[in-house]
Amino acid sequence: MASFRRLGTYFVMVATLLASPGMAHAEAAPTESPSTDRASATDGNSGVPTVHALALYGDPALPTAFDHLPYVNPDAPHGGRLRQAANGSFDSTNPFIIQGTPASGLSLTYDTLMEESGDEPFTMYGLLAEGIRLDPDRHWMEIDLRPEARFHDGSPVTAADVVFSFRLLREKGQPFYRAYYANVESIEALSERTVRFEFSNNDSRELPLILGQLPVLPAHYWQDRDFTRPTLDKLLGSGPYEIADIDPGRRIVYRRVDDYWGRDLPLNRGRYNIDQLVYEYFRDQSIALEAFLAGELDYRTENSAKNWATAYDTPAVDDGSVTRTVIPDGQPAGMQGYIFNTRRDKLSDPRVRRAIGLAFDFDWLNTHLFYGAYQRTHSFFENSEMAATGLPSDAERALLAPYRDQLSDAIFDQPLPLDPPQALRPRLRQALSLLRDAGYEVDDGQLVDRDSGRPLTLEFLLYDTQFERIAQPFVQNLARLGIQARVRVVDVNQYLNRLRTFDFDIIGATLPQSNNPGNEQRNYWTSDYADTPQSRNYAGIRNPVVDDLVDKLIAADSRDALDTAARALDRVLRWGFYVVPQWYLDGTRIAAWDKFDYPAELPRFAYSVDLSTWWVDPSRAATINARQRGQE
């Protein structure tokens, strides 16, 4: 599961696609809603109760008539501005398609059918949806839209818009949508405000909830436009913000919609308080840091351990004008690492991939470059109960038993995490032994294929120069094995184009996970997406066992079943050596000029810092703004 607004632009494309490779762990009372009277009612035709929210397991924590989310300040003032950096450039305001590089922040301009609470493991509350009816056997779902829901041009949000959006995104949007909504058999507008989804099966417990994450686009706006082409138009949405200004490739500005239709919903009280959100684009993150310290930006997520330790020794930090803190993460760390493109013949052998991974020296990096800030990543579900450890449990063995003939004995007989020698030299000896088993030999200092005589060469594809210093020690260690490796840094657009067509040997990337992984796992690991442009199956995994385990994870009908399926999948993926795991930090480092406030109670299961709950303190802002102007 991945929340539309929490994953921000990459849900629709860039945020996790461009997650720093190795640096991210290395962003008056409301009137009573008409749904209050209906939430416990029973639909006369179906006999299914209409509810205000859906929980993956158990019941929603908040009642029908809740006043506001527990981790917001419902009396937060409105006003002010927040400026932050974005990386690279952009050439599109359409975040839903393959083509183009979309601007940051676009998800804030669109409302979804439901929205997740960051204080619960996975519960979706109605946003555009006034009421929800879910078949007890999970074969269908009906949603009633709020009659007050409006797009920014004043036109109502209708069931026809929902049907249009679903079909458009699945047919012409990114491949992600086809994977995410694969089990929806049909969609139909039953009336102007009621839409019905029919499911092809009831295997996916989370499908009704992730349908709630569907962004609703205006059919009347798009009917005469080409949805598949990038554009820099100020596209029409229904969310709390709209695009105010665009400087292509350099800057995009959003303004809070004063007459936003959902302003007084309990789900939104105390949120979206800042009047103006500005994303300034920088191709070099060191310059972005300088801009922040100079007062040209207000907020920064710091992805560099070195910067966090050494770069904030300034008067503004010393006197408290700039504050720094680490916000705990409420979700698994996921997998951050160097990902192999197994579509390349030279990287198709797991022995070769395992050998290359042995040349990666995390301990040296953590000591000499990262100031001891990180922990080593091992699992694809790192920092969670879903990470496989030790030998398989009885439940895991039962799940894996049907595939015994297709799996390595090591999966059943050797504990995780793997325990290679700590010192680099014996690890390189182990790596060289694996490479010889795979058909390579060292000839005049070069590792060459024993049959063809071709040397093993590798290219690390990156998009930011600051990561070169991290990759170079790895390259040097590979050279000791006779492997000719190099680092190539390209601009963001070229990086994205090469990623879309899987034109790389190795990339550094992050594969984020939630506490409730589900349908999105198809897009990460399964055969159907191995050659689909812009899928997140970067490694090109084609493994029928992985395909089946993903289906079992999606079909899990309890928390225990989900954890068991995730551990079994994790175990098989790790023994495939598709990734050289890097490191993680179980929090997010943020620095901000001291004019912002946020609630003391943080959401327990948030993916990252939830800026929608922040506000600008008027008195402190006046002081800080004067200081920032004085530095310009």
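Tutor: Before we dig into this predicted model, one definition: two strands count as paired if DSSP finds at least two bridges between them.

Student: Okay, what makes S1 and S4 a pair?

Tutor: Strand S4 covers residues 123-126, and S1 pairs with S4 over three bridges, in the antiparallel sense. The cut-off is at least two bridges, so S1 and S4 qualify as a pair. In one of the bridges, Ala55 has Thr123 in S4 as its partner.

Student: On to rings. Why is the pair Phe176 and Tyr180 called tilted?

Tutor: Their centres are 4.6 Å apart, and the limit for a pair is within 6.5 Å. The planes make 35 degrees; under 30 would be stacked and over 60 edge-to-face, so this one is tilted. Phe176 and Tyr180 sit four residues apart in helix H5 (residues 175-180), so about one helical turn separates them.

Student: And what about Tyr338 and Phe474?

Tutor: Tilted too, with 5.4 Å between centres and 45 degrees between planes. This pair links distant parts of the chain: Tyr338 is in strand S14 (residues 335-340) and Phe474 in helix H16 (residues 468-480), 136 residues apart.

Student: How do you know whether Tyr338 is buried or exposed?

Tutor: Buried means under 20% relative accessible area. Tyr338 has 3%, so Tyr338 is buried. Phe474, at 2%, is buried as well.

Student: What makes Arg404 count as sitting over Phe412?

Tutor: Arg404 lies over the ring's face, 3.9 Å from the centre, and the distance limit is within 6 Å.

Key: Residues are numbered from 1 along each chain as its sequence is written. This is a predicted model: local features need pLDDT of at least 70, side-chain atom pairs count only at pLDDT 80 or more; totals for chains, interfaces and linings use all residues. Side-chain values use heavy atoms; hydrogens and water are left out. Helices (H or I, at least four residues) and strands (E, at least two) are DSSP runs, numbered from the N terminus. Rings of Phe, Tyr and Trp (its six-membered ring) pair if their centres lie within 6.5 Å; planes under 30 degrees apart count as stacked, over 60 as edge-to-face and the rest as tilted. Buried means under 20% relative accessible area, exposed over 50%, partly exposed in between (1.4 Å probe, protein chains only). A charge sits over a ring if NZ of Lys or CZ of Arg is within 6 Å of the ring centre and within 35 degrees of the ring normal.
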